[in-house]
Structure formats: structure tokens, C-alpha cells
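Me: I am new to this structure. Please show it, and then let us go through some questions.

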Amino acid sequence: MRTARITPMPRRNLMDFGFPQTTDSKILQEYITQQGNKLETGKSRVPPTVTNAVSWRSEGIKYKKNEVFIDVVESVNLLVNANAACCSARSWAPSSSRCSCRACRSLRLGLNDRVLFELTGRSKSKSVELEDVKFHQCVRLSRFDNDRTISFIPPDGDFELMSYRLNTQVKPLIWIESVIEKFSHSRVEIMVKAKGQFKKQSVANGVEISVPVPSDADSPRFKTSVGSAKYVPEKNVVIWSIKSFPGGKEYLMRAHFGLPSVEKEEVEGRPPIGVKFEIPYFTVSGIQVRYMKIIEKSGYQALPWVRYITQSGDYQLRTS
Amino acid sequence: MPYLGSEDVVKELKKALCNPHIQADRLRYRNVIQRVIRMPGVQEYIQQPILNGLRDKASYVRRVAVLGCAKMHNLHGDSEVDGALVNELYSLLRDQDPIVVVNCLRSLEEILKQEGGVVINKPIAHHLLNRMSKLDQWGQAEVLHFLLRYQPRSEEELFDILNLLDSFLKSSSAGVVMGAAKLFLILAKKFPHVQTDVLVRVKGPLLAACSSESRELCFAALCHVRQILHSLPGHFSSQYKKFFCSYSEPHYIKLQKVEVLCELVNDENVQQVLEELRGYCTDVSADFAQAAIFAIGNIARTYTDQCVQILTELLELRQEHITTVVVQTFRDLVWLCPQCTEAVCRALPGCEEHIQDSEGKQALIWLLGVHGERIPNAPYVLEDFVENVKSETFPAVKMELLTALLRLFLSRPAECQDMLGRLLHYCIEEEKDMAVRDRGLFCYRLLLAGVDEAKRILCSPKSDPSLRLLEDQAERPVNSWAADFNTLVPVYGKARWAVISKCQGPERCGPELPNTASFATSGPLIPQEDKERGQDLPDSGALMLVPDCQLTAEYFEKTWLSLQVAHQQVLPWQGAVHPDTFQMALQVVNIQTIAMSRAGAQPWKAYLSAQDDTGCLFLTELLLEPKTSEMQVSVKQSEARTETLNSFMSVLETVIGTIGDLKS
């Protein structure tokens, strides 16, 4: 008889008597076996990863093609107040890695880290000042402290390798100018101008600009120079979607809404304009993965692939 | 399997568990386990398997067995602590597997709770420090907490430990970073420059936590930032932008951020901070707008001119909730910063039309009374109030009106005489509220005594504003709050957290907590919200103390002298008493203070009273003789009932014990 039920084991392995035990989700997944198969004697064993010193990687993993993917994803947060003065713009980056590599082998990553360059006497070259660097458990911190080498035994699958923060002033990548004119009892006219303030060779993908609209507005009418605009009444916003936004370009959207003749009693808040975007092959900081060495005795090759992406984090521009 | 006698059942189950056929079949195995669990009296049989588990080869088994020891001890209630088991657990601290080590610490802490928890001596401390890097983040955070108990013997050892801990300040887990920071602060008690240095290094992670997506982490981090700012006011000044409020943030976080903003203002950032706060003052949420205005008022103590200008502009919006708070802020400001009186007086005319609430009216009337000479139409505004005094609902407003009009009469007699007369007539003849009537009579009699006498009393020299408010504490040294870092004390406030944590005994039923709004506005470390009534403390058991039972001093004395002492006890006590903390904590458990010596008096005495729901009175005398480390407690009860007396004593002991712990 088969029982289809999620076994409660992972919960107990996570917390026992109120104390956290194992929290690595990959290891916990090894406990969940949905099939009600008969266990053969001798094979039943606890995943050795739970008892290993290297608690994040199981042994005996084999792949046909050994690859290491590194995604350097930088998120840009922006807060602009109503006077269009940039309050703060900062970026932080969880740089994640995906590893499909056989066996526990050590990897070494080289970045153009300013502190490293100064240590090795290359302070003239273009480098990046990283602050508040945090690593995954697998990275050997002692080596990083000594000579800024990032050396690690990667877990299998996706994991976040390191995250850092940049405190340098960042120019807002997509700048929005908006004019919202509200004629009470009659209409609301919105004009939004979006400017891409990044280099011409780069293109922002999936740009979505959400402009807040009074909750009692009706009969939307839009005119856009590029992309399409959609009214989302549940969220009281207009979403202007631009699939592909090259750097240096400027685009315009106009929207017109009617307002009821009876004005609403409650006062509404003034939510900011939010922007979502993703710019591939581009980093705000200029960070570069200079090399990726795999320390492997048996001489098998693993291919490293590096991808740079800049995306929007908490990107808000206040309206007056 | 048929039901056999208990011993036989145990044997059968043991055989079943070891049977490989059953082990292979998951369902059958599970069934046997469930039968074991449901067997009555299984507790007697679990000790041996757990002890075996402690010595198992597989580390996974050892981990579970170690925690099993703690659970076993819990099941057996108040039984004696098994010495052999404790020794075994202490020796398992040297285990290979890091999680076993940490589980041992947790287990020992539970088992030895009565004796104060696990003991960290030098070999254990050094062993833990050396193995820290192998632990996961939870283990590291726990070990850092346990290491707080260890006192290094020499300065060299101290600095060795600090060097080891250095790398944990850069951990990716906020819990580990804060735990390490706290350990640094405690260990480096005698080295303030090391403490300052650690607070600088922990700035980055703390700021990251303040902008975290997890709201709880964000709130706790903001409370810690405020804590640090009490000692190092300029610490976060350059990162003020991180504390700007985003539209979608919840109310309680916005309030905390506003509080932080007004504490980190300095010459360089004041312009931008004020601009940002100005934006918040017109927020759709009235609460938040008012909090922002109060914050501007706070900043105005140092940067008066700019703030007064902003506040004046806000008055022009003519919005009720804004105007009332601005006027209250002005009232506080003219007392602290007399130089802005002119500007305030110019801004006031026109406000009266937009204020409806009691606080705002009182503030406006006070300002008109005290500075009425500079405000041309002051008498006419007050005349409006006098005309409408019959329909005025707030007695506090009427009392303020009396005083203000009296003051204004002394400086502008011709314009005020007539309406003062009418007001006094109304208050004395027709007013129903006795406090207002009393005030009216007082004013009348004062005037009868003569204008000079009245002037002497009402226009006496004002206190020196440079003395500032009593609330404004001087910068506190870091050591005063280092022990509370990375706990819930900065979130709740010291006195309140002490009471909450004492009440959470093994029964695990805490008191009802008031809503979060009061937490968000907790200002100084001894919060006002402790005065909330209606809290049940389960400690009192059969005893229910009634709040709001106020006895007059005469009644107390009379009753005290007429009763015999029902119970006397001596409680340990160290050092001097802080009367305010004491009074506050007693009030939380509904014990009223009739009289208390001031701090530092020798001998120190206090007289307390409490009443339970049956009307039985408990009168208490506390006596602290100089140069003794004990407090004598004498309790008199108006009706002889031992049970309630014992409950009352336990409540009193709890509170005194809590206050004693607070200071140490």
C-alpha cells in the first residue's frame, strides 16, 4: 500500500527541541523520498553529508559535462525625492554560482578587487572597491583574510557564492521625469519621460515603469512612443512595458484618465513611481571575473561561464 | 501483537525494533515506533537507549541522543540531576561532530537550569573558540552567547580571544555578527577605545540589517541603532540616507526610522534630513505626519531657526492634525529656546480656527497666556474661548484658560478684565468639575490678595533653559547597555523586558502585551507605557491585585498602626536603590507606592500598598539599612488569609529580585 504523504522528517531535522539542526535545503531534500518503495537492507543509511565536515556537498556526484556558471548580478536601489534630487543610489550584489561539477574539487576565483590589486602592486589598473563582503559557508575565509583569494569547494547546484555592497555614488540608470496633473472632478493627465542613462551599447530588457493613479480614476487612454501601457486597476497603477530599451534613448508616455464628479472623501497616499529592468552584460561597479581556476588532479576539464547582469532593486521615484 | 504485561511488551518491542525485516519495511517500523511511544510508562525505559545513543558511532545518532537527554530531564520534572549523565555530556563537548558539541551545550543548559546553566571554564572556552569556524551559523551564535559567561584571566588571553573573534564580525549571518559584537563589548569593558572600534566595524552589517527585507530583523536592528546613538551620537550621521522611509514600509518601522533620523542630525546633514521630514509631515497617515512634526520639534532644540520656519509653513496648510501638533511643538520650544519666541508669536494668529483637540487647545492657550504681550489679538482669541467655555468638554482646557487669562490680565488689564470676571463667575458658580472650580477659586482669591502678590506668583523667574529637560539624559557610557545588546531589551525597554522574562516560567504563559504602537514609540529606556493597566501576571496564582487602588497617606498610616505584622522576610540586595525603576516595576504588578525615600538615603525606606479583588489590603514596609546587603520586608494584611499572603509575597519577591538583577 502506498501512502502519498509528505514525511514530517525534514521538519524534525530542521529543528529539534526548538534548536536548529540542519538548514541546508539541498541536504534536507535528500531526506524526502516520496515513493513508498521497500528499502533493501544495507542500503538504508543517513546521508553522509549530514555528518561530514563538508556539510554542503554530497559525495559521489557525477556529471557528463562539468560546468561552472557564475552569475554576477548587481541590484541597484534608488530613492529620488519629489524635487528630483537623488536621495540615495546604491547597489548590492548577491553573486550566485551554479556548479555542475564532479567531485569535491577546489575552485579559485579572481576578481578585480581594489584591495587585492593594491596588495599585488597593480593599483593603477581599473579595480572595484567592494564593501561589506559576505561569503557562502564553503569559502575559506582565512585565505581571503590573508591575501584576498577566494577559494572554495562548491556545493552542487545553485548557491549564492558572495554578496557585496558598493557605496560609491551611482548614476541612476533609468531616469524618470513625470508630470501628473490632477483636475479634480474632471480628469488626470500623466506625462512620463524615461531616459536611459547608461552606455549606448547596452540594452535594458523587460523595463516596466509603474505609475500610480488615483483609485477612483476611469476610462484610461494611452499614447506611447515605444512599448505598451496597461492600466491595472487592482493596484491603481499604469504599467508601461518596454521590451528593449537601449542606452542613451529617451521615450515618452502620455496617459489620460477621467475622474468622477463626486470627489472621494478619504485622502489617498502618494505612492512613488517604481521601475523594473534588467541590463545584461553590464555591471554598475565594473567588477570583472578575471579568472576561474579549478584545482583538479585527475585532469578533467570543467568549463567556466561568466554572466554579468544589472537589475533593478528597490527603485523608486517620488512624485510631488 | 496481543497485549501482554508491561515487561513483556517492552521485550517484544525491543525485539521488533532490532528485527531487520521490520527495519527494512518503513511502514512496519513506523508502526512499532508508534506503539513504543504510546506505551504507558515508556519513560522508565528510555534512559538506557539514550545513554547507548550517546556512545553510538554515528554522529547523527549522538546529536539526537544528546538532545534526548534534555528532553528526558524535562519529562522527569523536578527530579534530581543525574551527575553521571552531566559528566558524560561535559565530556561529549570534545566530540568530533560540531553539531554534537553545540547540542551538548544546549542540553546542559536545560538540565542545569536550576544551578545557573552550563559552566564555561577555561579549557571549555578555549576548545569552543578553536572549533567555532567549523560550526554553522546557528551554532556560532549560540556559542558566542555561552562565551559571555567566561572571564579571561589575563589581558593577554583577552586580546587573544578578541583576535580569534575578529573574523566573525564579518560573518554573513546577522545573528553571528551581533553575537560577536556583544562579546567584544562585554570582554572589552575596560577598554573603551576597543568598544568604539567594534561599534565602527559593526556599522556595516547593522545598516544592512536595517534595510533588510525581513521586517522583524529591520525593527530589531533599528532599535539597536538607537541604543548605540545614545552613546555615540555621531555614529551614523553620514549614513543618514539609509534611514529615509520608503512608501511601502510598515508603520512601526517608519516611526523608528524617524526617531533615528532626529538623533543623528548634525551640521552637514541637517538640511537634507529636515527636507525629508518636511515631506513626511504631509503624509496621508495622520499618526506618521504627527511623529514627523514632533521629530522636527526635537531637532529644533539645536537648529531652531530652520525648524521654526518649516513649522510655520506647515501651519499654512490649515490642516487640523498638523496644526495641533505644530502648536504643541511650539509650546515646548519656546520654553527651551526662548530666542524663537518672536517667530512663534508671529505665526500663531489664525491657528485657533483649526484646533479641536484638547492637547492642541491647551498648548495654544498657554502660549497666548505667557507671551500674550507680543501677540496683538491674544485677548480676542481667549475671549472666543471664554464665550464657548460652557460647551467646552475638556476640563484641562478650562484650567489652562483660567491660568492663561490671569497671566494676560496682569500684562494687559484693560482688555482682559471683563472676560476674566465672566470666566471666574462661570467657573465658581456654574462649573461642575471640582478641579476647575478649585482653580477658579484660587485665581479669585489670588486677585483679592492684590495685583502685586499675583504678579509675584505668576510671573516668577523662569528656570534656566540650558538645564534642559530631565528626560534628556547625558550620553550614556557603552557599558551601561552592553549587556543588553543583541537581546530583546532594546526592543521592549529594560523594565518591561525584565518583567516579561521573569513571568515566562516553565508554564510558558506570558502576560498579555499591549499593541505594537506603544512599542514603536518607546523613547527613553524607562518607557512610559509601563503604566498600562489590566495586565495579568500568572505569578500571582490565586491572587488578583486590583489596579488603581489609591490610598491616602493618612489612611495608610492609620491602617498600618492598627494591624499586626503578618509576615517578615529578608531578601538579598546589593547596592543602592533607584526609586523610579522600583516604582515603575511595582506599578506593573499593581502595587502602589505610598512613600519612598529618595535615592541614596540611608537608611532607605519605602511604604507600599496593594488591594486584591476581595478588598483585602496588603501594606508593606521595605527597609534597607546602610552597609547591609539585605532588604527587610514587613507585610501587614487587613484580613488574615495565609494563601493570598503567600501569593503576594511571591509577587513581591519576584519584582524585588527582578530589580536587583537589573542593576547587576
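**Burial, helices and surface**

Me: Is Leu129(B) buried or exposed?
Reply: Buried means under 20% relative accessible area, exposed over 50%, and partly exposed in between (1.4 Å probe, protein chains only). Leu129(B) has 5% relative accessibility. Leu129(B) therefore counts as buried.

Me: What sort of model is this, and how is it numbered?
Reply: Residues are numbered from 1 along each chain as its sequence is written, chains are lettered from A and ligands numbered from 1 in written order, and side-chain values use heavy atoms, without hydrogens and water. Local features need pLDDT of at least 70, side-chain atom pairs count only at pLDDT 80 or more, and totals for chains, interfaces and linings use all residues, as the model is predicted.

Me: Which helix holds Leu129(B)?
Reply: Helices (H or I, at least four residues) and strands (E, at least two) are DSSP runs, numbered from the N terminus. Chain B has 32 helices and 5 strands. Leu129(B) sits in residues 122-131, which form helix 8 of chain B.

Me: How far apart in space are Leu129(B) and Ser460(B)?
Reply: In sequence, 331 residues separate Leu129(B) and Ser460(B). From C-alpha to C-alpha, their distance in space is 65 Å.

Me: How much of chain B is buried?
Reply: Chain B has 664 residues. Its C-alpha atoms fill a box of roughly 105 × 65 × 55 Å along the principal axes. The share of residues that count as buried is 49%.

Me: Is Ile33(B) buried, exposed or partly exposed?
Reply: Ile33(B) lies in helix 3 (residues 26-38) of chain B. Its relative accessible area is 31%. Ile33(B) is therefore partly exposed.
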